[in-house]
Amino acid sequence: MFLGAILLLTAIQPGHAATSGPGGSAEGTFVAEIMLLLVVGRGLGEVLERFGQPAVVGQLIGGILLGPSFFGWLWPSAQHFIFSTEPTQKAMIDAVSQLGVLMLLLLTGMETDLRLVRRVSTACFSISASGVIIPFACGFALAFILPASLLPESSQAIVAGLFLGTALSISSVKIVAMIIREMNFMRRDLGQVIVSSAIIEDTIGWLIIAITFGIATHGKVELWSLFTTIASVAIFMGLSFTVGRRIVFTAIRWTNDVSRSEYAVITVILVIMGVMALITNLIGVHTVLGAFVAGILIGESPILTEHIEGQLRGLITALFMPVFFGTAGLSADLTVLADPTIALFTAGLVAIASVGKFSGAFVGGKLAGMSWNQAVAVGSAMNARGSTEVIVASIGLSMGILTHTLFTMIVTMAILTTLAMPPMLRWALSRLPMTPDEKERVDRETLDERGFIAKLERLLLAADDSALGRFTAYLAGLVGGGSGMPTTLIRFGAGHAAEPEEDAAPAPHPAEIKRGAEASASAVRRNEDMPVDKVHLTMRLSDGSGKVLANESGKGYDMLMVGLARSRSAKEGFSARLNMIAKTFAGPLCLVLKGTGSTIPTLDETAKILVPVNGTQVSRRAAEFALAIARPHHVRVEILYVSRDAKRGNGLASLSHRNEEAVLKDFADLATRYGVPVHTAIRKRGAPADAIIREAAKGAAMVVMGVTQRAGDKLFFGNTADAVLARFKGPIVLLASERIGVQAPEPGAAPREAGNGEA
């Protein structure tokens, strides 16, 4: 890492003034600074990660090595040449660093899971309260016993105390979550309490920093100024989580759905961050609060997909994190620790920070009724300052509240406590066995990781005004309501597909979707004690040409549900409109089709859903879909394993039977996860379609099948699906989650016409 820097410096240093850079320009020096911070910071971060330490510590140490502590001591002229203190030159790298602070707070906010906090609020509020009060009191008191030389002005002891108190009381959510996840404790009760407590402490810390900034701008504590600052922060927070949440959701959705340019949503997210940072600046508090709150709102947006979040995370992690932490390291001069007095005060700061934080979190854990071992684990986890501490210290340094020496002491404390936390927490967590209730919930959530429905983020629905269309809308509500899934309805009017004998009320679908969503959300709250927001519903009216659907298809939907009355005939197969719809949408299809009868079932405890399976992932997804729509009303589900292995030899037959039993056990576990009564059966004789129809005739209200779309100009899902469609009287759901030989259209491309008129 340093070899490249030395070669670069050897080539460019002679003959240039200290204020110029490579090639004689300030821009060249700026590029060299960025490159060194990226290469050294990322390189050391990679090394530390291999030893189980956070990468951010490596980036911070990289900045320290490039600063006066090592590089400046080893080769002063070269260090001053690259990292020039000339005001214009320094302003360039500082600008990137300050933008990095906002980006880091944006990312921190996006990773703040308020739903997790609500789930385990009883314990984590106790831990957070004592985990902040005790170390904050220690830090505040410490400011009054520090030598005057460590403070910019003795009159600023109160403001410095507020900063020190915050620095000692705050924890790094990112590092805590990293260790919890590494130890497979993220789903454990204690793991969720620890992460939630760190989230609350972080939030309290940024509020204190915002208020402290308001006090610092006045130079002293004035009761009226303090009151107005606190009131302004309270109003800002209140408006942000009410009106602001709706504005943020709408802006992100509108941009995602309307914009055709690349990464438009990323731009809007950055604009939202900037606007909220400016608002907090205008009310007299630090911009970091606005960026942090913006991140929380953006992270809660129902339209924010993992892909978009991953793009933003990549930009921040690859560029802004190493630059910011590297710049923070440059400001720390560890050579001051050669002074025995400063070294002694630094050791005292580390001891006070560690004991105060551990004691506070430990006491909070015991007050919450935790065991001794659990409270020790909580205290160990909360003692990591990491990136959050460095951000707080950097703000204090930039505001002139902290001297460079005190800043160096705080950074040293952040590094040491962060390096000590992972092995301490690993040791503490290894002594905590899993309870039966925890095991049940962890197993349930592990199934979600493999699940299809659990990973859906946005649903597209195409339905007409027929009874089948309204039933499909209800099913969409049942599927999306459990997670508050954003749903867009494309309504085909009565003149396009509704049956003549049905007199549908105007726009009945939103009511059906909301009815299903309310039932599904109620089931989730009942089974998992987890509040679910309402379904975010958008409606479009189709003119029948397919243009509306084509425009919607490229906007990031995970599944398309279709419910059209005249979608299939016995002679001609699937209708031209359904063929057109299937060719328009590139993702998984869920077709709700009418059987040979005309009755739409009522889903209640007396109904039964039949799901034929064969051990494939496609059939597993169908079973999961059936369980999702059955959960709200405790509908019975029958899993029918259709086997063709009856004529095999004894050895192969025995192996096949064990495989079938394993598959059915997986489905039984899925049913337990959804809280749905399920019956499993195996049929080995006859054609699969015959076995399915015979079982369905025993009282199935509907059949849900996982199918694969075959290649060709027209929809075809295999002979078994066709036979069931031709013989079953009730509704049939075909979940086509994979395709064979089907070329997906470009996102947003117009559909190929499948014919004129309906079949």
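Buried means under 20% relative accessible area, exposed means over 50%, and partly exposed covers what falls in between. That cut-off is handy for the views below, which come from a predicted model.

Figure 1. His634 sits in the loop that links H25 to E9. Its relative accessibility is 29%, so His634 counts as partly exposed. Look at the backbone here: His634 has a positive phi of about 55°, even though this residue is not a glycine.

**Figure 2. Helices H21 and H25 crossing.** Two packed helices are described by the angle between their axes and the distance between the axes. For H21 (residues 467-481) and H25 (residues 617-630), the axes come within 8 Å and cross at roughly 95°. Angles of 65 to 115 degrees count as roughly perpendicular, and H21 and H25 are therefore roughly perpendicular to each other. On the H21 side, the residues at the meeting point are Leu475, Leu478 and Val479, while H25 brings Phe625, Ala628 and Ile629. Sorted by class, this contact of H21 with H25 has six nonpolar residues, with no polar and no charged ones.

**Figure 3. Helix H27 and what covers it.** H27 spans residues 688-696, and seven of its nine residues are buried, so the helix is largely enclosed by the rest of the structure. The buried ones are Pro688, Ala689, Ala691, Ile692, Ile693, Glu695 and Ala696.

**Figure 4. Pro612, a buried proline in a strand.** Zoom in on strand E8 and you'll find Pro612 there. With a relative accessible area of 8%, Pro612 is buried. Leaving aside residues up to four places away in sequence, Pro612 touches Ser619, Leu640, Val642, Ile692, Val703, Val704 and Met705. One of these, Ile692, is also among the buried residues of H27. Pro612 and Ile639 are 27 residues apart in sequence, yet their C-alpha atoms are 6.0 Å apart in space.

Figure 5. Ile272 belongs to helix H13 (residues 264-282). Is this isoleucine buried or exposed? Ile272 is buried, with a relative accessible area of 11%. Not counting residues up to four places away in sequence, Ile272 touches Val248, Ala251, Ile252, Ala294 and Ile298. Take the pair Ile272 and Ile252: they are 20 residues apart in sequence and 9.5 Å apart in space, C-alpha to C-alpha.

**Figure 6. Two cysteines, Cys138 and Cys590.** Cys138 is partly exposed, with a relative accessible area of 29%. Cys590, on the other hand, is buried at 0%. How many disulfides does the structure hold? There are zero.

**Figure 7. Zooming back out to the whole chain.** The chain has 28 helices and twelve strands. Of its 759 residues, 56% count as buried. The chain exposes about 31300 Å², and carbon and sulfur atoms supply 60% of that area. As for how the chain folds back on itself, take the contacts with a separation of 6 or more: residues 24 or more positions apart account for 83% of them.

Key:
Residues are numbered from 1 along each chain as its sequence is written. This is a predicted model: local features need pLDDT of at least 70, side-chain atom pairs count only at pLDDT 80 or more; totals for chains, interfaces and linings use all residues. Side-chain values use heavy atoms; hydrogens and water are left out. A disulfide is a pair of cysteine sulfur atoms within 2.5 Å. Buried means under 20% relative accessible area, exposed over 50%, partly exposed in between (1.4 Å probe, protein chains only). Helices (H or I, at least four residues) and strands (E, at least two) are DSSP runs, numbered from the N terminus. Contact means heavy atoms within 4.5 Å. Accessible areas come from the Shrake-Rupley method with a 1.4 Å probe; for residues, only the protein chains shown count as cover. Axes are lines fitted to C-alpha atoms, for helices over the stretch in contact, and angles run from 0 to 180 degrees between N-to-C directions. Angles under 35 degrees count as roughly parallel, over 145 as roughly antiparallel, 65 to 115 as roughly perpendicular and the rest as oblique. Ala, Val, Leu, Ile, Met, Phe, Trp, Tyr, Cys and Pro count as nonpolar, Asp, Glu, Lys and Arg as charged, and the others, Gly among them, as polar.
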